[in-house]
Amino acid sequence: MKIAIDGPAGAGKSTVARALAQRLGFVHLDSGALYRALAWVALREGVDLGSGADLAHLLATCRLAPLPDGVSVEGVALGEALKTPQVDAAVSQVAWHPAVRSEMVRIQRQWGEGRDLVADGRDIGTVVWPEAEVKIFLTATLAARAERRAAEQPGLDLAQVEEEIARRDEKDSARSVGPLRVADGARLVDTTALTVEEVVDRLVELVRPKP
Ligand code: CDP
């Protein structure tokens, strides 16, 4: 079974997807971590973020692989390095290239083959697994999303965080391949006034409705 959770930056998708996967005994695929990992290697190697061909070549050679809940590059798991402002600033540019996206979609489908999983991202219910049994579009107001992100990373300026995620949402929504949008058949869940626990309860209810 596949559960697709899409939505804008900072809506809490990864936290909720991880908790939901745990509750259901499924694995969690964090697709954003894949794009972030490619951005991270590209920054490290000084690859031109404007070149889809160079990024696709890097993706083909850096041994990027999903892990339950994360990602590895060259056999090494990456963690907090993926959450820096430098990666935040580069990731949507990297994720914009059709050549990068098609390969990322292939990697995700291959990894998910035969697995029960909860995957979160931008194009899971529209492109990666349009046949997913349950599709959710998780959202919240821009102010709430910025506050959550700022709370996760103390020291960042709230207004700047808000600007950064608004800019990323715009770039993610405007691209021609795999743009951020509500998938056909997706249930909209607004998390502005909900705790993580409340969101997870609601999603469990959508996956396994009470008789
Ligand atoms: O955690 P947050 O919502 O800020 O972002 P993320 O899920 O880690 O994704 C980071 C970025 O990767 C997004 O802003 C997109 O540019 C890109 N991404 C994508 O294009 N497609 C996906 N399925 C997942 C992420």
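The legends below describe a predicted model.

**View 1. The shell of residues around the ligand**. The shell holds 19 residues, and R36, R101, D123, R168 and D172 are the closest. By class, 10 of the shell residues are charged, five are polar and four are nonpolar. α2 contributes four residues, the most of any element.

**View 2. The largest pocket, with the ligand in place**. The ligand takes up the space of the largest pocket. Three elements, α2 (31-45), α4 (85-95) and α8 (158-174), each give two or more residues to the shell around the ligand. The volume of the largest pocket is about 880 Å³. Its lining comprises 41 residues, of which S14, D30, R36, K83 and R149 are the closest to the pocket centre.

**View 3. Elements and residue classes in the lining of the largest pocket**. At least two lining residues come from each of α1 (13-24), α2, α4, β6 (117-121), α7 (142-152), α8 and α9 (196-207). The lining of the largest pocket divides into 16 charged, 13 polar and 12 nonpolar residues. R36 is among the residues closest to the centre of this pocket and also among those closest to the ligand.

**View 4. The second largest pocket and its lining**. This pocket has a volume of about 210 Å³. The residues that line the second largest pocket are P85, D88, A89, R149, Q153, L156, D157, Q160, V161, E163, E164 and R167. Six of the lining residues are charged, four are nonpolar and two are polar. R149 belongs to this lining and is also one of the residues closest to the centre of the largest pocket.

**View 5. Helices α4 and α8 at the second largest pocket**. Both α4 and α8 supply at least two residues of the lining here. α8 provides five residues, the largest share of the lining of the second largest pocket. α4 and α8 are also among the elements that supply at least two residues each to the lining of the largest pocket.

How values were computed:
Residues are numbered from 1 along each chain as its sequence is written. This is a predicted model: local features need pLDDT of at least 70, side-chain atom pairs count only at pLDDT 80 or more; totals for chains, interfaces and linings use all residues. Side-chain values use heavy atoms; hydrogens and water are left out. A residue is near a molecule or strand if one of its heavy atoms lies within 4 Å of it. On a 1 Å grid over the protein atoms alone, a cavity is a set of points where a 1.4 Å probe fits but cannot get out, and a pocket is an open set with protein on both sides within 12 Å along at least five of seven lines; lining residues have an atom within 4 Å of a point. A molecule sits in a cavity or pocket if more than half of its atoms lie within 2 Å of its grid points. Ala, Val, Leu, Ile, Met, Phe, Trp, Tyr, Cys and Pro count as nonpolar, Asp, Glu, Lys and Arg as charged, and the others, Gly among them, as polar. Grid points are joined across faces, edges and corners, and a volume is the space filled by probe spheres set on the points.
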